[in-house]
Amino acid sequence: MIRYNNKVIKVVWLDLDDTVIDFQTNSRNALQRLRDREEPIQRLFPTAGMWIDTYENHNRELWRLYGAGEISRSYLRMERFRRPLADAGMTGEDAIALSERYDTDYLDILATERQLVDGSIDLLRYLKKNGVVTGCLSNGFSDVQFRKLRNCGLEEWFDIVVLSDDIGINKPDRRLFSYAMERSGILSPTAHLMIGDNAVSDIGGALGAGWEAIHYMATADAETHPECSVRVGCLQEIIHILDNSRQSAESTQKKWP
């Protein structure tokens, strides 16, 4: 059992990308590998850095729109490659055909990249040791996320996996958090703790659903949520926070039987 903010936490949910899996590193490696084998990308983008920066700028904006429900999954997956190609001068059917292939090839390569965020396994091990249900709550695409979980050896660490694809609703929509609670069988919001890197989708969504939340900030300049007071720069800090809360509660119980 663990405690947080004087509440008994029965389920701890973790975002997947950039919280457990080092998505940024894995994605950049996959984009580099894709460019290495694709002459059109090499011709249009003289350096790997130019290619990766252009892709990431478009991908970031498209994911923002997708998270807000303004674009579809299929539109995102096409446009995140078509737009960089168009920026470099390729238009029409060639850009569309290559974009469709690059999306599939990129995801296949990405699924083989296995870099995890430092401390992620230590945190999952701590949660398991203390008897809480561990859940993965992600906006990622089902086929891709399950491949990543399997290839990174993470399946054994999660009791429940809930993806936005399950019901067609993305974080921070409260309905996804309600669905996650139903899947866990524990319907009290205060028994759930969310750990994630995104101030809006992870932290804002969790707090809006009545959950507790800890914001993992991979970079010091990451966007913050004004209602979340606990922010950490490494996952090991979360172990210390939870352990201190547990020990404090145990000490209080001994004093006041």
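**Entry 1: what I am looking at**

I note at the start that this is a predicted model.

**Entry 2: the cores**

I began with the inside. Which residues have the most contacts within the largest nonpolar core? I found Val12, Leu14, Leu127, Leu154 and Phe158, in a core of 33 residues. I then checked which elements give two or more residues to this core: they are β1 (2-4), β3 (11-14), α6, β5 (160-163), β6 (192-196), β7 (212-216) and α10 (235-255). Apart from it I found another core, of 26 residues, with Ala30, Ile41, Tyr55 and Leu65 among them.

Leaving out residues up to four places away in sequence, Val12 touches Ile2, Leu127, Val132, Val133, Thr134, Gly135, Leu193 and Ile195.

**Entry 3: helix α6**

Next I went to α6, which spans residues 120-129. Its buried residues are Ser120, Leu123, Leu124, Tyr126 and Leu127. Why do they sit on the same side of α6? They cover an arc of only 160° around the axis, and that puts them on one and the same side. I jotted down the background rule too: an α-helix has 3.6 residues a turn, so residues three or four places apart point the same way.

Just past the end of α6 I came to Gly131, which takes a positive phi of about 80°.

**Entry 4: Gln145**

I wanted to know about Gln145, which has its place in helix α7, residues 142-151. Is Gln145 buried or exposed? Gln145 counts as buried because its relative accessibility is 2%, and the cut-off for buried is under 20%. With residues up to four places away in sequence set aside, I see Gln145 touching Leu16, Asp17, Ser138, Gly140 and Leu163.

A reminder to myself: two packed helices are described by the angle between their axes and the distance between the axes.

I took α4 (residues 73-87) and α5 (residues 92-110). Their axes come within 8 Å and cross at roughly 120°, so α4 and α5 are oblique to each other. I put down the crossing as right-handed. On the α4 side I listed Arg77, Met78, Arg80, Phe81, Arg82 and Leu85, which meet Ala95, Ile96, Leu98, Ser99, Glu100, Tyr102, Asp103, Tyr106 and Leu107 in α5.

Then I did α1 (residues 23-37) and α3, where the axes come within 10 Å and cross at roughly 125°. I noted α1 and α3 as oblique to each other, and their crossing as right-handed. Arg28, Leu31, Gln32, Leu34 and Arg35 of α1 make the contact with Ala48, Trp51, Ile52, Tyr55 and Glu56 of α3.

I stayed with α3, residues 48-67, to look at Gly67. Gly67 counts as partly exposed because its relative accessibility is 26%. What does Gly67 contact, leaving aside its neighbours within four places in sequence? I found Asn170, Lys171 and Pro172. I also checked Gly67 against Asp173: they are 106 residues apart in sequence, yet 9.0 Å apart in space, C-alpha to C-alpha.

Pro172 made me stop. The peptide bond from Lys171 to Pro172 is cis, with omega near 15°. I placed Pro172 in the loop between β5 and α8 (174-184).

I noted Asn6 with a positive phi of about 65°, although it is not a glycine. Asn6 is in the loop between β1 and β2 (7-9), and at 76% relative accessibility Asn6 counts as exposed.

Asp18 is not a glycine either, and has a positive phi of about 70°. I found Asp18 in the loop between β3 and α1. Asp18 counts as partly exposed, at 24% relative accessibility.

**Entry 5: helix α9**

Last stop, α9, residues 199-208. How many of its 10 residues are buried? I got 7, so I wrote the helix down as mostly covered. The buried ones are Ala199, Ser201, Asp202, Ile203, Gly204, Gly205 and Ala206. They pack against α8, β6 and β7.

Methods: Residues are numbered from 1 along each chain as its sequence is written. This is a predicted model: local features need pLDDT of at least 70, side-chain atom pairs count only at pLDDT 80 or more; totals for chains, interfaces and linings use all residues. Side-chain values use heavy atoms; hydrogens and water are left out. Buried means under 20% relative accessible area, exposed over 50%, partly exposed in between (1.4 Å probe, protein chains only). Helices (H or I, at least four residues) and strands (E, at least two) are DSSP runs, numbered from the N terminus. The arc is that of the directions from the helix axis to the C-beta atoms. Contact means heavy atoms within 4.5 Å. A nonpolar core is a set of buried Ala, Val, Leu, Ile, Met, Phe, Trp, Tyr and Cys residues joined through side-chain atoms within 4.5 Å. Axes are lines fitted to C-alpha atoms, for helices over the stretch in contact, and angles run from 0 to 180 degrees between N-to-C directions. Angles under 35 degrees count as roughly parallel, over 145 as roughly antiparallel, 65 to 115 as roughly perpendicular and the rest as oblique. A crossing is left-handed if the near helix is turned anticlockwise from the far one by less than a right angle, and right-handed if clockwise.
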